[in-house]
Amino acid sequence: MGAYVNPIYPYKAPDDLRAEPPQRRPLIVIGAGPVGLAAAIDARLQGLPVLVLDDDKTVSVGSRAVCYAKRSLEILDRLGIANEACQLGVSWNIGRTFLEEDEVYQFNLVPDAGHKRPGMINLQQYHIEEMLIARALELGADIRWQHKVTAVTRHDDHASLTVETPDGTFDIEADWLVVADGARSPVRRHLGLDIEGRVFQDRFLIADVIMKADYPAERWFWFDPPFHPNQSVLLHKQSNNVWRIDFQLGWDADPEEEKKPEKVIPRLRAMLGDDRPFELEWVSIYTFQCRRMTDFRHGRVLFVGDAAHQVSPFGARGANSGFQDTDDLMWKLALVMKGQAPDKLLDTYALDRQFAADENIMNSTRSTDFITPKSRTSKTFRNEVLALARHYPFARKLVNSGRLSVPSFLTQSLLNTPDADSFAGVMVPGAPMDDAPVQTSGQDSWLLDHVGNQFGLMLFANEMPSADMLAQLQALAADPVAVRPFIIGPRALDVPGVDMLVDAQGWVAKRYDAQPGTAYLLRPDQHVAARWRQLDAARVRQAVARATCN
């Protein structure tokens with residue numbers, strides 16, 4: 001066995017960043033954690049230069065964020081690291097909840113077939129960060145380690161930064177600043193910006209344990225197990241024989257005392273119930289928090305991830321919602337920076353992701369209240385639900401050991417074009433796209449691999465489109481905000497200048513309630529913007545204008 005060894009990234013003196021007056025960069029990202037790195041990669045995919053500043057020189061210490069949901073994996077596919085992450089990570093769909101030793105609830109994150117990615121993978125945050133760093137550097141992002149931002153000043157058309165390095169301090173400016181510096185966000189504090197919500201009075205011990213065990217790749221959660229009575233425990237399998245185990249401790253627990261090996265090891269021995277060898281890789285104590293900033297946008301300064309919002313770990317809504325933040329933000333920022341959309345488009349980033357944060361906080365709060373009830377009434381309810389769940393299916397749906405991360409349906413977004421036609425199913429304007437198997441040039445593929453990074457138009461057709469329809473598609477592709485068209489149908493059509501996807505199994509038509517002539521306008525972040533039963537280029541242009549605030 002043996003613990004993970006953190007890589008050390010090289011420090012580069014800031015000589016090329018110093019200038020008098022200060023140098024101005026188009027885009028600076030503060031923080032080289034998963035969310036900041038995702039923003040930097042997305043910027044490069046959009047053709048934007050980006051400078052990343054981080055006060056550390058390595059990846060995270062300890063597993064930290066370990067569960068990456070299906071939607072995050074689809075985002076990471078677009079960013080270019082999902083294959084690597086899924087190969088190393090532990091894929092799973094099944095979760096089980098136990099009361100004492102009896103299973104009282106089970107769920108399947110992906111109950112139907114026809115999806116490229118699993119419901120979740122478990123992978124230590126440090127591995128994800130290594131992959132993201134390599135990808136960002138491959139794409140030409142400029143990452144500066146041991147560059148600590150100590151001050152930020154907002155201006156109407158830029159932000160000014162003071163940066164501290166081992167070679168001294170310097171000033172630099174950014175046309176746009178993305179802040180991804182974590183839950184304690186020094187930038188947020190420096191600017192005196194609020195973050196409001198609840199801090200729950202409970203503590204959990206995280207232990208990363210290196211051991212060989214034959215437990216299945218599932219999420220196991222215990223209420224009142226015999227090895228940790230009157231509390232709860234969570235077990236996850238990670239890569240390289242590392243197991244993540246969380247023990248509820250209670251609010252009165254001494255964090256420093258509980259982290260000591262002589263306190264942790266007996267808990268693990270009681271749980272494992274045998275003499276198997278194991279090593280402690282990392283131990284930490286955390287407290288539940290469900291909070292967010294009032295506004296994620298402050299002029300040219302945009303907050304993402306934990307800097308903008310925080311939730312309790314149960315439900316895996318932290319890093320996953322952070323990836324969705326950058327997924328929403330970066331295509332909008334690219335259009336604004338390129339002069340293809342007005343500044344107000346970025347207000348919709350704040351509105352839509354604040355809505356998503358509220359949804360995550362609501363679900364996380366409900367989970368936390370169920371797991372750690374703080375009143376006699378809520379504890380009685382929790383215990384009765386668990387007791388009934390042993391025998392009655394209706395009660396199992398009320399068991400809440402952490403409703404797991406799912407993407408937000410942005411149905412109230414100002415960017416959506418409301419339906420004028422009748423559709424069934426869930427692919428409504430504002431919905432994150434469902435994936436499905438397709439074929440292209442005779443090869444098996446996946447729908448989401450063919451959309452993203454720019455607007456797309458998905459046209460369902462069983463036969464060759466008319467010359468007029470082809471002309472409309474070609475014209476849309478040549479617009480200032482280009483819309484890349486592709487045709488999808490049950491068999492291949494040789495359509496000049498337009499990509500063809502074959503829906504041989506019918507999954508796409510089923511999931512999108514499609515019939516010949518149906519058209520979907522797709523945003524660069526793989527959300528549905530509009531849909532129609534018949535293609536009309538004028539209506540598509542109106543929908544693109546609405547989706548870009550033009």
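**Reading cavities, a pocket and a helix pair**

Modeller: Let's start with the second largest cavity, whose lining has 3 nonpolar, 4 polar and 2 charged residues. Nonpolar means Ala, Val, Leu, Ile, Met, Phe, Trp, Tyr, Cys and Pro, charged means Asp, Glu, Lys and Arg, and the others, Gly among them, are polar. This is a predicted model, in which local features need pLDDT of at least 70 and side-chain atom pairs count only at pLDDT 80 or more, while totals for chains, interfaces and linings use all residues. Residues are numbered from 1 along each chain as its sequence is written, and side-chain values use heavy atoms, leaving out hydrogens and water.

Biologist: Which residues line the second largest cavity?

Modeller: Rolling a probe the size of a water molecule over the atoms shows where empty space is left. On a 1 Å grid over the protein atoms alone, a cavity is a set of points where a 1.4 Å probe fits but cannot get out, and lining residues have an atom within 4 Å of a point. Here the lining is H450, V451, G452, Q454, F455, G456, R484, L522 and R523. About 40 Å³ of space lies inside the second largest cavity, volume being the space filled by probe spheres set on grid points joined across faces, edges and corners.

Biologist: How many cavities of 30 Å³ or more are there, and what lines the largest cavity?

Modeller: The count is 3. The largest cavity holds about 70 Å³ and is lined by R71, Q324, D327, D328, R353, P407, S408, L410, R523, D525 and H527. By class, that lining has 2 nonpolar, 3 polar and 6 charged residues. Helix α8 gives the most to the lining, with 3 residues; helices (H or I, at least four residues) and strands (E, at least two) are DSSP runs numbered from the N terminus.

Biologist: How does α8 pack with α1?

Modeller: Axes are lines fitted to C-alpha atoms, for helices over the stretch in contact, and angles run from 0 to 180 degrees between N-to-C directions. Helix α1 (residues 34-45) meets α8 (residues 318-337) at about 25 degrees, with their axes 9 Å apart. That makes α1 roughly parallel to α8, a label for angles under 35 degrees. In contact (heavy atoms within 4.5 Å), P34, V35, A38, A39, D42 and A43 of α1 meet G322, F323, T326, D327 and M330 of α8.

Biologist: What is the volume of the second largest pocket?

Modeller: A pocket is an open set of points with protein on both sides within 12 Å along at least five of seven lines. This one has about 610 Å³. Its lining has 29 residues, with K70, L109, S405, V406 and P407 nearest its centre.

Notes:
Parallel < 35°, antiparallel > 145°, perpendicular 65-115°, else oblique.
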